[in-house]
Amino acid sequence: MDYLTNDKLVIVGAAGMIGSNMAQTALMMNLTPNICLYDPYAPALEGVAEELRHCGFQGANVTFTSDIKEALTGAKYIVNSGGAARKAGMTREDLLKGNAQIAEDFGKNVKQYCPDVKHIVVIFNPADITGLITLLYSGLKPGQVTTLAALDSTRLASELSKYFKVPMDQIQNARTYGGHGEQMAPFASTTTVAGENLTEIIGTPRFPDADWQALRTRVIQGGKNVIDLRGRSSFQSPAYLSIEMIAAAMGGKPFRWPAGTYVNNSRFSHIMMAMETIINQYGVTIQPVKGTPEEEKALDESYKHLCTLRDEVISLGIMPPISEWASINPYLNETVE
């Protein structure tokens with residue numbers, strides 16, 4: 001069996017539905033035979049490993065451990081879905097604090113046990129913040145850490161496909177940038193439907209503006225809709241897209257969607273947000289984003305919201321002030337266009 005690489009890939013949170021699906025997807029895509037499953041919940045973790053063995057993947061070397069040092073030692077690629085879900089009685093602040101602490105511990109463990117890691121994808125919520133915290137404490141370069149920010153874009157493409165009754169591959173360059181959910185900045189100007197620019201269709205009898213606004217709401221509520229339909233949160237789509245991202249970082253096919261990446265330039269300062277990127281074995285390169293004046297305004301508003309969330313985390317004492325970041329990770333003092 002030919003694999004893209006033989007490097008060690010670690011799936012953090014592998015006992016969960018997202019993590020177990022990520023491991024299976026990575027093997028189905030022939031990314032690497034050497035996959036290590038990590039999760040503090042040992043019984044379920046062993047069950048995932050057993051199921052993967054029962055799949056009969058040729059040449060696969062699936063290991064599992066609840067020891068983070070063992071898991072990360074020698075890792076070259078990591079995908080982390082190991083955050084906590086919000087439980088009954090938990091406030092938003094409780095969840096934020098808990099997952100921020102998980103991200104801090106993870107970043108420090110990366111720095112201690114696998115400083116030579118090539119790329120990390122962080123997908124547990126709020127990913128813009130947990131990815132930023134991971135980057136800060138891992139000491140890695142900004143181009144080595146990305147977050148899952150594609151779901152709004154794929155949901156936009158899906159809703160347009162359903163509305164216009166065309167195959168999803170006829171929806172090209174559907175893009176949302178900035179933050180997630182209500183704070184997303186959709187760029188209709190980049191999008192084409194069966195070869196037609198979406199901005200030329202919006203507001204016509206084929207696609208009244210009210211229908212466009214309703215469609216945007218459905219995109220924002222895409223995750224909630226999955227919960228309503230299935231009785232549980234999304235796991236197939238985040239698992240697949242995150243593995244597509246790490247595959248690109250391994251030198252595989254280009255990632256087709258926006259990715260969450262660290263930005264620090266004259267417009268956006270010290271933030272992790274969805275941008276147009278190129279992901280390859282050399283890291284992440286941010287691509288220019290240019291929309292209509294309305295779209296640019298929406299992106300600026302989305303950025304401001306992310307800054308508010310970041311500053312809230314700082315005020316809670318979860319992250320140090322931005323002025324101290326460079327002392328923890330010197331790469332964060334550099335301009336990243």
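Strand 2 (residues 34-38) is largely enclosed by the rest of the structure, because four of its five residues are buried (buried means under 20% relative accessible area, with a 1.4 Å probe and protein chains only). Strands here are DSSP runs of E with at least two residues, and helices are runs of H or I with at least four, numbered from the N terminus.

The model is predicted: local features need pLDDT of at least 70, side-chain atom pairs count only at pLDDT 80 or more, and totals for chains, interfaces and linings use all residues. Residues are numbered from 1 along each chain as its sequence is written, and side-chain values use heavy atoms, with hydrogens and water left out.

The table lists pairings; two strands pair if DSSP finds at least two bridges between them.

| Strands | Sense | Bridges |
|---|---|---|
| Strand 1 (residues 9-12) and strand 2 | parallel | four bridges |
| Strand 2 and strand 3 (residues 61-65) | parallel | five bridges |
| Strand 10 (residues 192-193) and strand 11 | antiparallel | two bridges |

In strand 2, C36 is the bridge partner of V10, and Y38 stands opposite T65 in strand 3. Strand 2, helix 2 (residues 42-55) and strand 3 form a right-handed β-α-β unit; right-handed means that, with the strands pointing away from the viewer, the path from the first strand over the helix to the second runs clockwise.

An open sheet of three strands has the order 7-10-11, with antiparallel pairing. Strand 7 (171-172) and strand 11 (196-197) stand at its edges, each with a single partner strand, so one side of each has no neighbour in the sheet. V193 has E196 in strand 11 as its bridge partner.

Terms used
Buried < 20%, exposed > 50% of the residue type's maximum accessible area, 1.4 Å probe, protein only.
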